[in-house]
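Please look at the sequence and the model before reading on.

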Amino acid sequence: MKKKNISFFNAADEANKMEVDSQSFEESLIYNVLFQRKLVLQDAYYINSRYLRSHVLENPFHQFSLFEEASQEGIIVPTIRNKNLSFFDNLKELSSDRFYGKNEHNLDVKILENPTYEAFIKNSQKGLDKEGALETNDITDVEFAKGYKNLVEKFIMGDHIPICNVDNDDSIQIRTRVWQATEEWRNSSIKEAISITGNGGLSRSEAFFAIARNIKSVAQKNRVNFNINKGTHLDYNLKFLEQDSEKFLSLKILWSWLNKCHHKNLAENLGACVNFSSYKPDSYYLADTIFIDQPAIEINEPFKLDVTLPPIDILRKIEPDKILKVRLGRGEPYFEALLDYSYVQSVPNRERLEKTLIKYCEEISKLVSRSKRIDTTIKYGRSELFSQLVSGGSSLTSASMSGSNIQIYCAVVGAICLTIPMIVSKYKAYRTEIREKPQIQKIELTF
């Protein structure tokens with residue numbers, strides 16, 4: 001499979017459950033399937049994601065869900081660890097005690113016993129047979145662990161708070177509070193986790209468990225029972241911090257940082273863009289500016305293109321096979337142009353991309369009547385370009401492969417036109433362009 005313009009779709013990671021809601025998952029999935037050339041998921045997400053599970057098992061449509069349709073076409077592919085086994089058998093192997101032990105991990109190992117879900121996994125094999133999976137057997141666990149450790153040490157550990165050139169007083173103030181409140185977790189606990197991981201790297205689950213052990217020690221002093229086997233669950237740990245609002249908020253933010261380092265590390269090893277999903281608007285992740293990569297050279301602002309598209313709430317009600325039919329039947333010129341522009345970002349290639357994208361959006365709009373179509377602004381550009389433009393409350397990391405992957409983002413005219421695949425937190429200070437238009441509800445759409 002061509003490892004070019006692949007988006008790492010991490011909305012399905014169960015560790016994100018406190019940040020991503022089901023609506024964000026569904027909307028992110030629709031936009032990614034429509035506009036991104038290829039999506040890749042870590043294999044474990046297929047057995048740990050409540051949103052993917054509900055998307056498949058509670059599918060309201062007559063045929064396959066959108067995820068299933070896209071998987072069978074090879075648009076969505078998983079990583080796979082053993083190329084000699086089927087995807088289903090890979091997941092069975094993955095869920096064994098040999099990999100994850102007997103802790104109450106985030107994996108739902110019994111989901112594979114559900115006949116509907118088993119059929120979904122086996123149907124996904126059709127896409128793997130067609131397009132091939134991203135094999136990770138040539139990327140060792142040690143490499144993953146060392147990559148994760150390097151990111152955590154750079155962004156989370158240490159005595160000094162990372163400062164970005166897009167910071168403002170509010171973002172620095174919030175991050176300073178979080179930095180102080182999490183000092184023991186960020187350093188003592190994570191150093192302990194590095195020691196336990198024992199291969200010169202760091203395991204995310206060991207980092208979670210180390211923080212949980214610190215919380216457990218406090219709970220025991222207060223004669224409160226604490227089940228360390230649930231230490232990888234953020235919501236469980238937060239129960240023991242409800243009387244300390246500063247620690248409560250700070251742990252949520254630290255957990256988010258640890259997750260983002262994990263996703264960035266995985267994406268870079270897979271040669272993919274980091275594709276953060278839409279986050280709930282009540283999430284308090286202002287301090288995530290520390291994850292913005294600072295390009296060494298000045299780069300141009302993203303390009304904007306005005307098109308017409310159906311509203312996302314209407315797209316969610318359309319039969320998935322109809323959405324896939326438009327993508328497969330009318331989207332090929334756009335995806336070819338997108339890939340070419342990823343390789344050579346010339347003016348002729350950009351003009352071709354815009355021309356094909358306009359026509360593709362016209363075809364998507366035909367799914368609904370003219371009265372239900374809305375004006376939409378699409379922004380696109382290299383992924384590291386977007387990371388330069390973002391400030392407090394958001395997180396975006398640049399892609400590997402020299403930053404040449406191209407990312408496409410949508411925002412409804414009349415709303416704030418976002419430049420990142422995240423929803424804005426209530427503290428966000430940076431805004432791009434606001435254009436008022438009557439009769440259009442102000443919403444923010446990202447993917």
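## Overview of the chain

Residues 24 or more positions apart make up 78% of the contacts in the protein chain with a separation of 6 or more, where contact means heavy atoms within 4.5 Å. This is a predicted model, in which local features need pLDDT of at least 70 and side-chain atom pairs count only at pLDDT 80 or more, while totals for chains, interfaces and linings use all residues. Residues are numbered from 1 along each chain as its sequence is written, and side-chain values use heavy atoms, with hydrogens and water left out.

The secondary structure of the protein chain consists of 18 helices and ten strands; these are DSSP runs numbered from the N terminus, helices being H or I with at least four residues and strands E with at least two. Of its 447 residues, 58% count as buried. Buried means under 20% relative accessible area, exposed over 50% and partly exposed in between, with a 1.4 Å probe and protein chains only.

## Cores and strands

A nonpolar core is a set of buried Ala, Val, Leu, Ile, Met, Phe, Trp, Tyr and Cys residues joined through side-chain atoms within 4.5 Å. The largest one has 68 residues, of which Phe25, Phe35, Tyr46, Ile76, Ile121 and Tyr360 touch the most other members. Helix α1 (residues 22-35) gives the most to this core, with seven residues. Another core, of 33 residues, lies apart from it and includes Leu202, Leu241, Leu251 and Leu258.

Strand β3 (residues 76-80) has five of its five residues buried, so it is largely enclosed by the rest of the structure. Strand β2 (residues 38-41) pairs with β3 in the parallel sense over three bridges; two strands pair if DSSP finds at least two bridges between them. Leucine 39 has isoleucine 76 in β3 as its bridge partner.

Asparagine 150 lies in helix α8 (residues 141-155) and, at 47% relative accessibility, counts as partly exposed. Asparagine 150 and leucine 202 are 52 residues apart in sequence and 8.6 Å apart in space, C-alpha to C-alpha.

## A pair of helices

Helix α16 (residues 332-343) packs against helix α17 (residues 347-365) at an angle of about 155°, with their axes 8 Å apart. The residues that meet are tabulated here.

| Helix | Residues that meet the other helix |
|---|---|
| α16 | Pro333, Tyr334, Phe335, Glu336, Ala337, Leu338, Asp340, Tyr341 |
| α17 | Asn349, Arg350, Arg352, Leu353, Thr356, Leu357, Tyr360 |

Conventions: Axes are lines fitted to C-alpha atoms, for helices over the stretch in contact, and angles run from 0 to 180 degrees between N-to-C directions.
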